[in-house]
Amino acid sequence: AALLLAFQVRLVMKAHSFIRENVPRVLSSVKDKSSTVHIPRISQYLYFLFAPTLIYRDNYPRNPTIRWGYVATKFAQVLGSLFYAYYIFVRLCIPQFRNSSQETFNLRGLVLCIFNSILPGVLILFLVFFAFLHCWLNAFAEMLRFADRMFYK
């Protein structure tokens, strides 16, 4: 449910950026009664949906080629990060709570379980952020030839 909600929030933010960028242009051309109204093509909108940006532009800076070795490296880093997060979860988090279901409830045991799980939880959080925000988005940026380093030129 959290992934679905995050995906929907991303789509709403992209739709807002698309509308905010294009509606003033259309309204100004209607107001000026010009013969040409610039409406973006479907291909521009589809590229924007998959590009790792929330700022809509008709044209983005593009790299001339795709570095497939870089894409493979980023996807390997995603898999490595997810496997390492799974390993940390299984080895450090699950054993803390395994015996708690068989014992009677006490506040001391709960607090100890939570405090012993804080460091592994933070490590998993860092790994998931690294896997998604750095590796996954950079791999898709490379496959779309999205030249984000030249974006603000």
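**Close-up 1. The length of helix α4 in this predicted model agrees with its residue count.** At 1.5 Å a residue, the 37 residues of α4 should span 54 Å. Its end C-alpha atoms lie 51 Å apart, so the two values agree.

**Close-up 2. Helix α4 bends at Ile118.** The bend here is about 40°, and a proline, Pro120, follows within four residues. Pro120 is also one of the buried residues of α4. Look as well for Cys113, Ser117, Ile124, Leu127, Ala131 and Cys135, which are among the buried residues of this helix. Towards the end of the list come Asn138, Ala139, Ala141 and Glu142, likewise buried.

**Close-up 3. Helices α3 and α4 pack with their axes within 9 Å.** Here α3 covers residues 68–98 and α4 covers residues 107–143. Their axes cross at roughly 165°; an angle over 145 degrees counts as roughly antiparallel, and α3 and α4 are therefore roughly antiparallel to each other. The crossing of α3 past α4 is left-handed. Residues of this contact divide into 25 nonpolar, 7 polar and 2 charged.

**Close-up 4. Helix α1 bends at Asn22.** This helix runs over residues 2–31. The bend at Asn22 is about 25°, with a proline, Pro24, following within four residues. Asn22 itself is buried in α1, as are Lys14, Ser17, Phe18 and Ser29.

Conventions
Residues numbered from 1 in each chain as written. Predicted model: local features only at pLDDT ≥ 70, side-chain atom pairs only at ≥ 80, totals over all residues. Heavy atoms only, no water. Axes fitted to C-alpha atoms, helices over the stretch in contact; angles between N-to-C directions. Helix = DSSP H or I, 4+ residues; strand = E, 2+ residues; numbered from the N terminus. Parallel < 35°, antiparallel > 145°, perpendicular 65-115°, else oblique. Left-handed = near helix turned anticlockwise from the far one by under 90°. Nonpolar A, V, L, I, M, F, W, Y, C, P; charged D, E, K, R; others polar. Expected span 1.5 Å × (residues − 1). Bend = angle between axes of the 7 residues up to and from the residue. Buried < 20%, exposed > 50% of the residue type's maximum accessible area, 1.4 Å probe, protein only.
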